Amino acid sequence: MPDRIDLMQGTLDLLILQVLQWGPEHGHGIGQAIRRRSQEVLQVEHGSLYPALHRLEQKGWVASDWKMSEANRRARYYKLTPKGKRQLLQEQSRWRQLVRAVARTMKPVKE
Amino acid sequence: MWRRLFRKPSEADLAEELEAHLAIETKQWMDRGLPRDRAEMEARRLFGSRALTLEATREVRGIAAFGRFSQDLRYAARVLQRGRAFTIAAVLSLALGIGATTAVFSIYDTIFLRPLPYKDPAQLTWISIHSPSMGIDLVPSPNYVAWRRDNKTFQQLAATQVTFSNMMVLGGSNPAEVYAGRVSANFFETFGVTPAAGRTFRPEDELQGPQAAMLTDRFWREHFGARHDVLGTTLTLDGYPFTIVGILPKSFVYPVDVKVDVLFTLAISPTASLRDRSVSAFSVFGRIQPGVTVSQARADLGTQFETARKDFPGFFRGNSLVLESLRDYRTGNVGKFLYLLMAAAACLLAIACANVANLLLARWGARARELAVRAAIGAGRGRLARQLFTEVALLIAAGTALAMLFVTAALRGFVHFAGTELPRLSEVATDFRVFGIAVAVALLTAALFGALPALRAGRIDPQAVLQQAGRTGVSGGHSFLRRALVTLEVALSVILLSCASLLFETLWHMQNDHLGFQPEHVLTVSIPLRGKSFDTPARQAVASDILAYLRRIPGTESASLADCSPISAGVKSFTFSRADRPLPESFGLSRTLGACDSDAEYLQAAGIRLVQGRFLTDEDRHHPGAVAVLNEAAARAFFPGESPLGKQILGGRAGGWRTVVGVVADTKNQGLNRPAAPEVFLDDSAPSGFADLNFVVRTLAREGALAGALREEMRRSHPGLLTKVETLDQAIGQLTASPRFDTVLLAAFAAIAFLMAIVGVYGVLAFSVTQRRAEIGIRMALGASPRAVLAMVMREGTILVTLGALSGIAAALFLTRYLATLLYGVRGTDPATYAIVTGTLALAAAAASFLPARRAAIVDPALTLRHE
């Protein structure tokens, strides 16, 4: 297994929103999707994932619904709300800025 | 949407969500070929601590729901607890402001807004025939009878009669004062009152005259211990027997503001006519029919009144019919006093708010660092504003709670001292309505503050503040706002102080103006003689008996039987006439003078100065009706420019002229705040058939000793007679009780306002000095003397106070014209008053600015600059 990286404060929200833009998903699926898409680099602690989901729901960025899951039992599915979509766009552009800024900073200075 | 609202994040929901997670994980491992038990184990291992996840998630939900608010609240409480002096000052200011406003507006509410305590009060009206020449509003009984019979718009027309002295004496071994009201039999039906026990009056009771009595709940409890077997028993008042037929409910309120213990039926003769020698007159209340308007009812009775006026043009000359709703009648004569108090309370609240706003701005200025740090670590402006507003809200809540205590005390004081001045005050009670008003005032206060936290939070610039870290300079800003607030405070308190000192001067004049007599050591004794057994000879016998006894009591210097006192003219009055002029044609107020039957010792007993001629002598009593003594007011009014001595006055067509033998000094016979009215002293010694016996006694004995001795003697020789003993000082005290209450109240308002304004001045300057320490240090380093620095700070204070005082005086000069009717002996524009107010304020403000100024002057430049 490759080294794990702890998520930076605030980035988990972005990742959850990002995952949800392809459709409703339950907590397990969201965690798995993040791990898979980061090629097993980003490990989401369940102790952070579920509080984050509930926090996003409080803010009105995601909504939840009980549906049947593949395990043949009820699971809570989360989906993006219109407000959440707007938030995702904002967060994406802010993230890109941050990445560029960090990258520039890390580049060795050529005198 | 509703699902989102109703779906509570229950514990079970959360557990199920995590269960589902585990189930899915398990299924995935099983799909990869693990047996179920291994798969479950693996899933749980990967998940980690379920308890921790549950806990963390629960916290998110909890805090977001109401956690932010309680967090703010806890934080605000901690902040306020830390700045104890600030908190106490702010809460006390708010409590005083909110309390004063709530108390005064509760009274307004009682008088104007509370429904009258009767069934369908909108149907109730008050009806009278207004006589401008006599200054009275009454309906003669023949008109009442005709209206009651012939009206087309009323369900009921009720009559009441309240004479000014409705006091009666309860018979038995322990005589007591009882206050009686007389009403028509349909009074209860008119007002929709049902008795708590027994019955009300019957129409036939009116014909027999007063025989049946109804007791008020209070009287029944106090005198009969709330016993139900009093129904049907006999009550003896003024020697006449009455049968108790019913007890009024506790909620009953008499529609006229007089004290009432017992109600009787009025004697109403169906055949009374305006041609009769004497006609009784009533206050009339009507319940109009449903659907009938007040103006329709007025038109209905108006036609009847016009008919009566045609038949008796002389009787109703200049009179008019008045019909208004009971509400208008009950609230119509609210004095200016209430409006004055409302204005004063509003001023006080404004000053309190300005003061607290100032304190808050200063404090938040001092907390700039903390606020900046909070902003820097991610608190948004809205969040900070909310936090600051929570502090304000907490202060207001505490202030309101404390204010309720003030309100309860203040309302008690009002009922006690101003009860006679304002209508319906007996209905005032500290209840939920009052609490509601307090909450409304508090919300208003909060609204006034609403913009403040947003303003403060909006100015936070973390970078600027944090870069200054380590410097003592406090970035506060708002100095213009703070100065404006203090100027406003000073102006408002100047207005309040001016009004209060004008009222204070009025009171001083009332109590210290030349009274015309010496009130020390003077007692008045009053003994009501009521009932059939007291005919004129009997009254005379009792009078001389008591007079003799009064003169025997050790310490008595003189005792006099007189039906007036130095502060009240007699009950009788005459139209002035003199033998050498034509007789006056008709009764006219400008030609009346009060008459006082007195004896030779009256002048000495009351301590009144003789101006001219002589007073009545014992010799005069042998041929009563021959002589008269005038007071100076009467001499001035009726004998301008000539000496009244020897003139023949007060006769009629049949003769009976009296010779003026003397003139005595004026006394305050109309009360303390009015000039003396013309008065004549007569030697008609026989006490008239209905008046009570009144004695004026000058004694060296104490009031209690004399009263005790007299009562002892009365119990022995005249059992069953009520004896009232009062010092003249007490009587004067009663006359000044309500103006004194006004004055004390307004003075209290003004004093609080003054204090807050001074604290405000001090606060602004102290803050400004702290802020400018570095600047002052540089100035001193560059050679400014401490004296110059002192002057600089003092000048700042002087400008504030001068601006405030000038605008305050301008406003007060304009506003005190509305005060004119409450003033006596001083004018609303009295320059001395304004000079004193301004001087006092200037001195206090100078003291308030001196402290911060001195602190500035002792700034050590080296220290300050090194600190930078």
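In chain B, four strands make up an open sheet, ordered β14-β22-β13-β23, and the pairing is antiparallel. The edges belong to β14 (556-561) and β23 (724-727) of chain B; each has a single partner strand, so one side of each is left without a neighbour in the sheet. On average, neighbouring strands here are turned by 20° against each other, direction ignored. The model is a predicted one, and that goes for everything described below.

Elsewhere in chain B, two helices pack against each other. The axes of α6 (residues 141-150) and α10 (residues 294-311) of chain B come within 11 Å, crossing at roughly 140°. With that angle, α6(B) counts as oblique to α10(B), and their crossing is right-handed. On the α6(B) side the contact is made by B:Asn143, B:Ala146, B:Trp147 and B:Asp150, and on the α10(B) side by B:Leu301, B:Gln304 and B:Ala308. Sorted by class, the residues of this contact are four nonpolar, two polar and one charged.

As for chain B overall, there are 28 helices and 23 strands. The chain has 868 residues, of which 39% count as buried. Among contacts in chain B with a separation of 6 or more, 82% come from residues 24 or more positions apart.

Chain A has an open sheet as well, this one of three strands in the order β1-β3-β2, with antiparallel pairing. Which strands stand at the edges, pairing on one side only? They are β1 (25-26) and β2 (62-68) of chain A. Two bridges join β1(A) to β3 (residues 74-80) of chain A, and the two strands run antiparallel. One of the pairs here is A:His26 with A:Tyr77, the bridge partner in β3(A).

Helix α1 of chain A ties into this sheet and into a helix pair. In the sheet, α1(A) lies across β1, β2 and β3 of chain A and runs at about 95° to β3(A). In the helix pair, α1 (residues 11-20) packs with α4 (residues 82-106) of chain A at an angle of about 125°, the axes being 10 Å apart. The two helices, α1(A) and α4(A), are therefore oblique to each other, and α1(A) passes α4(A) in a left-handed crossing. From α1(A), the contact draws on A:Leu14, A:Leu17 and A:Gln18; from α4(A), on A:Gly84, A:Gln87, A:Leu88, A:Glu91 and A:Trp95. By class, these residues of α1(A) and α4(A) split into four nonpolar, three polar and one charged.

That leaves the contact between the two chains. How many residues of chain B are in contact with chain A? There are 19 on the chain B side, in contact with 18 residues of chain A. On the side of chain B that touches chain A, the elements giving two or more residues are α2 (11-31) and α4 (50-82) of chain B. The residues on that side of chain B comprise eight nonpolar, five polar and six charged.

Key: Residues numbered from 1 in each chain as written. Chains lettered and ligands numbered in written order. Predicted model: local features only at pLDDT ≥ 70, side-chain atom pairs only at ≥ 80, totals over all residues. Pairing = 2+ DSSP bridges. Axes fitted to C-alpha atoms, helices over the stretch in contact; angles between N-to-C directions. Parallel < 35°, antiparallel > 145°, perpendicular 65-115°, else oblique. Left-handed = near helix turned anticlockwise from the far one by under 90°. Contact = placed C-beta atoms within 7 Å. Nonpolar A, V, L, I, M, F, W, Y, C, P; charged D, E, K, R; others polar. Buried ≥ 20, exposed ≤ 12 C-beta atoms within 10 Å, placed from the backbone.
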